[in-house]
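I opened my notebook for a quick look around this one. Here is what I looked up, entry by entry.

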Amino acid sequence: MSGFSLSREQLDAATSEKDHLLIIAPPGCGKTEVLAHRAAHQIHLLEDNQRVLALTFTKRARSNLEERLRSVLGQARARRKIVVRNLHGFATQIVLAHGRTIGLDMRSLELPKTSTLRKAMEAAGSSGPAMYDAERMLAEIKRGPLSDAEVLEAVQEQEFGQATVLAENVERSRQEANQLHYDDLLRHAQRLLRIPAVARLYQAHFGAVLVDEFQDLSLQQLDLALFGCSSRRTFAGDPLQGIYSWAGAAPAQVEDEIRRICGEPIRLRESYRSSPKVLETVNSVSEQVDPGSSLVSAQPERWPGRGCSAALVLQNRAAEAELLTRLAGSILSQVPEASIGIIARAGWRREDIDAAFAEEKALPVRRWDLAIDDPETVSLIQSTVAALPRGASIAEARLAVLDAVDPADVDTRELVDGAFDTLEQSSATTARAAVRSIRVSDPRQSIGPGIHLLNAHTGKGQQFDWVFVVGVEEGHLPGKRNSQGDALAEEQRVLLVMLSRARHGLVVTRTRMADGMYGPYQARQSRWWSRIHAEFSSPEEIQAHLATSAPANT
C-alpha cells in the first residue's frame, strides 16, 4: 500500500463527494497520486460488477498511473476494480468488440502504426507541402463521427488542389485495404459509442471514469470519455500544460464543457516535485502565461542548497554539447542514481548533443525516440525470447512477442515492432543472440539513472532529478512556424512543460552562434530568454553547487 500521505488540498480532491469533479493540477502537485486515491474513493460507490475506467494519453502515463494504483489499492484489487487505458487503446477496444455493428470487416482489419499514414502518402508518390496538407485535411475531417463514405464525401468537398487529390487517393486506398489509421480508431469508436445500445454497455460496466490531462483532449476524445461513463466523472490536468492543438486538442472548448458538467474546479498549488530554486525559474515563465499561477514548494527543507537553477550562454552547439557531457558526468559522479533529462523542442537541435553522448561509453544513455531503449518493451522481448527454442529467428520472436501483447494495446505493439526493426539490422542470426546485444534496463523504472535524451512532447508527464533545456533561441523556441498568435502562446506553454520536468536542478542554455546551410551565423536569443529567472549564469557556479550540495534523488 502507498506510504504517501496526502496533503489537505490533495485529500479534498481525492475524497470530494461531487459526482463530477474538475481538478486543476499543475506539474509536481501529486496529480497521479490524487487520481489513484480518487479511484480508491470511487470504488466504494460502484454497483456490483462495475469498474472504474481510467483514461490517459500515453503508454508512459498509463504505466505511471497503474504503478500508483497498485501502491494505493494493492495489485489484486487494482487489477480487479480498475481498467487503465490510454485513449487510443480504449478506442481500439471498442472497435475490436463492436466494429461489425457499423459494418467493419473484422476478419482482415489492419490496425495502425504511427508510420502507417506517412507510408501511405509516400506510396501515393507525394512529399513536401502537399503531403502535410493532405494529412492535416484528413485529420480534421476525421475528428467527427463520420462513416467511411462520409469521409470521402467530405474530402471531395474541399477546395480542389494537389492536397485534395492526394487525400482522396490515400483514403480510397486505406478503405480498399481494410486498414485503419489512428484517426480512424477514434472516429469509429465515437460512432459506436453514439449508438445508444453500445453506450449503455459501457455505462453499465463503468461506474466512474478518471481522465488524466484533460487539457490535451480533442472534442472527439472528450466524447469517448463522456459516452463511456455517465455516472461519475473526474477530470484532472492543467490548462498551462496544453501543447497538443496540432494533434486536434481543443483546450478552451473542452475546458468550457467540463466546467459546465463539473462546476468550479479544485486547485492544487503545492509542488512536491521541484526544489525552491527550480520553482523560481518555472514560476518566472508560468506567471507570464497566467498571472497568479505560481506554485510553492511543499517541502522546501528537503532540497540541499534549495536546489539549483542556471541560465548559460555558450559559444556554439559543439561547446554546448561538450559542457553538457561534462556537467552530466559531474552529477553522476556525485550521485550515480541521478536521472538527467536533456530536452530540446525539436530533435534537430539536439544532434550535436546526441553525438557527444554516443561517444561517452562510460555513461548510461537512453534516447527516448528509440523503441529499443524503452525498458518495458525490452523486458517483454527478453522474457518472451527466453521461453522460445534456442534457434528461434528474430522474425519468429517478433511474432511471439506480438502474440503476447493485448490486441487493443496499439502503442505497445508499435514499440515492439520498432524494437524488432532495430534488432533485424544486427548481424545476429538468432533471436537470443540479438537480444543479448540490448542494454539491460529495469522495467520497474520508467526513468532510470543516467542521461535521457528526448524532445519536449515526449517528456510531458515525466520528471528528472536534473533537466537541461537546450536551444532557447528564436527558430527553435519558439519555432519559425509558431511565432505568432495562438501558436506562439502554445510554444510558450511548451517551454513551461520542459522546465517543469526538473526536480533538484534546472539549466537552460542558448548559443551565440549556429551552423546553417551557408556556414556559421549569429543565433538570436529567444524572446523569452531575458525573463527566465535563474540563480546561476556560469558552469563554475553549478560545479560549486555540486561540490557542496548533493542533489536530491528521492
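**Entry: charges over rings.** I started with Arg302, and I found its charged end over the ring of Trp303, 4.4 Å from the ring's centre. I keep in mind that this is a predicted model. I then turned to Arg366, whose charged end sits over the ring of Trp368 at 4.3 Å from the centre.

**Entry: aromatic pairs.** How many aromatic pairs does the structure hold? I noted four. I picked out one of them, Phe90 with Tyr202, which is edge-to-face. For a pair like this I write down two things, because a pair of aromatic rings is described by the distance of the centres and the angle of the planes. Here the centres are 6.0 Å apart and the planes make 85°. Next I checked where the partners come from: Phe90 belongs to helix H5 (residues 87–98) and Tyr202 to helix H11 (residues 196–205). Buried or exposed, I wondered, are Phe90 and Tyr202? Both are buried.

**Entry: a helix crossing.** Last, I looked at helix H17 (residues 375–386) and helix H19 (residues 410–423), whose axes come within 10 Å and cross at roughly 70°. Angles of 65 to 115 degrees count as roughly perpendicular, so H17 is roughly perpendicular to H19. From H17, the contact uses Thr377, Leu380 and Ile381. H19 contributes Thr412, Leu415, Val416, Ala419, Phe420 and Leu423. I sorted the residues of this contact into seven nonpolar and two polar, with no charged ones.

Note on methods. Residues numbered from 1 in each chain as written. Predicted model: local features only at pLDDT ≥ 70, side-chain atom pairs only at ≥ 80, totals over all residues. Heavy atoms only, no water. Axes fitted to C-alpha atoms, helices over the stretch in contact; angles between N-to-C directions. Helix = DSSP H or I, 4+ residues; strand = E, 2+ residues; numbered from the N terminus. Parallel < 35°, antiparallel > 145°, perpendicular 65-115°, else oblique. Contact = heavy atoms within 4.5 Å. Nonpolar A, V, L, I, M, F, W, Y, C, P; charged D, E, K, R; others polar. Phe/Tyr/Trp six-rings, centres within 6.5 Å; stacked < 30°, edge-to-face > 60°. Buried < 20%, exposed > 50% of the residue type's maximum accessible area, 1.4 Å probe, protein only. Lys NZ or Arg CZ within 6 Å of the ring centre and 35° of its normal.
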